[in-house]
Every structure is written in structure tokens, then in C-alpha cells.
Amino acid sequence: QKFSEVTSQEFVTQTLRNAVSIGKIAHAYLLSGPRGVGKTTIARILAKALNCTDRKDGEPCDKCESCTEIRRSIHPDVIEIDAASRRGIDDIRDIQEAAKAHPMKASYKFFIIDEVHMLTQQAFNALLKILEEPPPYLVFVLATTNPEKIPPTITSRCQRFPLQRFKVSEISAKLKEIAAEEKVKIDDESLFLIAKLGDGALRDALGVFDSAVSYCGNKITVEELTSFLNLPQKEIY
């Protein structure tokens with residue numbers, strides 16, 4: 001819910017936090033990277049930080065009305081669009097119309113477009129028109145797993161932030177933190193195994209961890225985990 005809680009990606013979170021602190025906000029950001037590394041999460045935190053009524057050092061308070069509404073996805077000025085299912089020119093025209101209206105409650109009107117590389121060529125052309133002449137209250141965050149599919153005319157108008165895959169040690173540390181919070185006992189070998197299965201994506205590792213908790217309960221051992229995941233023992237390797 002805050003920049004400080006984002007695992008790894010310090011380069012991106014620190015840069016955005018500083019930008020919010022000093023008021024140097026770009027009209028468009030492009031967050032790229034593999035699945036499950038925090039692109040949409042960072043976009044939502046940026047929306048919170050820009051519209052928070054009690055932020056400190058560029059960090060949202062996560063308690064005010066604006067932060068609470070964004071967390072619950074009901075803020076009228078923070079609009080999320082999945083370009084995988086809404087990829088046509090009509091969908092971008094809807095955004096153009098919505099962008100003309102001033103924010104209802106917040107300082108900024110915020111559009112998060114997920115998987116932006118899925119837009120059609122005509123949709124990209126329509127999006128380019130908004131990015132060329134944006135009103136001062138408008139901020140776009142474009143998130144993608146395939147930045148090479150986005151036209152150069154779009155990328156050149158964005159501040160670009162490539163997000164990295166997580167190391168196994170970073171995923172293990174985050175899982176250990178979550179396990180402690182959820183009062184789940186788990187040994188280091190199990191943590192390492194789940195972190196490896198995440199393959200650099202924290203979200204995938206969390207999915208395996210959730211399934212393991214459902215199967216093993218509040219105590220996860222490596223024997224139960226390998227049996228549940230149907231993995232051969234180390235000795236067999």
C-alpha cells in the first residue's frame with residue numbers, strides 16, 4: 001500500500017517518491033517488466049501518493065478518504081483499464097471524453113492502462129493525441145510486459161521505468177515476512193523451494209504459498225510441500 005512496502009524495485013519507487021515530494025510529475029509513465037513484479041501495484045501507490053491529503057515525503061498516508069477509496073478501487077478519479085479486453089479505438093475515445101472532465105474529488109485524474117501493448121494501431125493513434133496535449137491534471141500510467149510492441153511515438157512521451165525480476169533471496173524474505181504476519185510456520189527449505197518456483201515473479205510465488213497454506217495448514221514442512229507440489233526429492237536428482 002506504500003512505496004516503502006514494495007519488494008525490491010528501489011530505483012523506481014525512490015524516483016517516483018522524490019518526484020511526488022518536489023512536485024515534478026510527468027503526464028505519462030511507462031512501467032515495463034515481466035509478470036508479477038509490481039507494475040500495477042506501483043501505479044496504484046503513485047495514484048494514492050498524488051491524491052493523498054496527508055502525505056509525508058512523497059509517501060501516501062493510506063488512511064485518508066482518498067487513499068481508502070483508491071485501495072478499494074472506488075475512487076471516481078482513478079480509472080483502471082485492461083487493454084487486453086478493451087483494446088479498440090472506441091475504448092480510447094471513452095478515455096478522451098473522460099479526460100476532458102476535471103477531477104471530481106482529487107488533484108489529479110489518473111488512468112492506469114494495463115497490458116497497453118494489446119491496443120490496436122488506431123487506438124494507439126488516439127492515445128497519442130491525448131499524450132501530446134494533456135491537461136495539467138491528467139496522469140497516465142501505462143503498464144506492459146512487452147514494451148517493444150509499443151510504438152516509439154508513445155514511448156518517447158513517457159517516463160520509462162523497467163522493473164526487474166526478483167531474486168530468490170528477495171522472494172524468500174518477503175514470504176518469510178508474510179508467513180510471520182499470518183502466523184504460518186515454514187522452514188527455510190520450503191521458503192527457498194516456493195521462491196524458486198516463483199521464477200522471478202513475486203505474485204506467482206505468493207500463489208504457490210497460498211496453495212501450500214490451504215493444503216498444509218499453519219505449519220508447512222518441506223516433506224509435505226514436495227508431496228503436495230508433486231516434486232521429486234533432492235536425493236533423486
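**Whole chain.** Display everything first, keeping in mind that this is a predicted model. The protein contains 10 helices and seven strands. Along the principal axes, its C-alpha atoms fill a box of roughly 60 × 40 × 30 Å. Of the 237 residues, 46% count as buried. Among contacts with a separation of 6 or more, 76% come from residues 24 or more positions apart.

**Helix 2.** Select residues 39-51. From first C-alpha to last, this 13-residue helix reaches 19 Å, close to the expected 18 Å. Helix 2 is mostly covered, with 11 of its 13 residues buried. Colour the buried positions, which include Lys39, Lys48 and Asn51 as well as Ile42, Ile45, Leu46 and Leu50.

**Helix 4 and helix 5.** Next select residues 89-100 and 121-132. The two axes come within 8 Å and cross at roughly 15 degrees. Angles under 35 degrees count as roughly parallel, and helix 4 and helix 5 are therefore roughly parallel to each other. The crossing of helix 4 past helix 5 is right-handed. Show side chains for the contact: helix 4 supplies Ile89, Ile92, Ile95 and Gln96, and helix 5 supplies Gln122, Ala123, Ala126, Leu127, Lys129 and Ile130. Coloured by type, the residues of this contact divide into seven nonpolar, two polar and one charged.

Key: Residues numbered from 1 in each chain as written. Predicted model: local features only at pLDDT ≥ 70, side-chain atom pairs only at ≥ 80, totals over all residues. Heavy atoms only, no water. Helix = DSSP H or I, 4+ residues; strand = E, 2+ residues; numbered from the N terminus. Expected span 1.5 Å × (residues − 1). Buried < 20%, exposed > 50% of the residue type's maximum accessible area, 1.4 Å probe, protein only. Axes fitted to C-alpha atoms, helices over the stretch in contact; angles between N-to-C directions. Parallel < 35°, antiparallel > 145°, perpendicular 65-115°, else oblique. Left-handed = near helix turned anticlockwise from the far one by under 90°. Contact = heavy atoms within 4.5 Å. Nonpolar A, V, L, I, M, F, W, Y, C, P; charged D, E, K, R; others polar.
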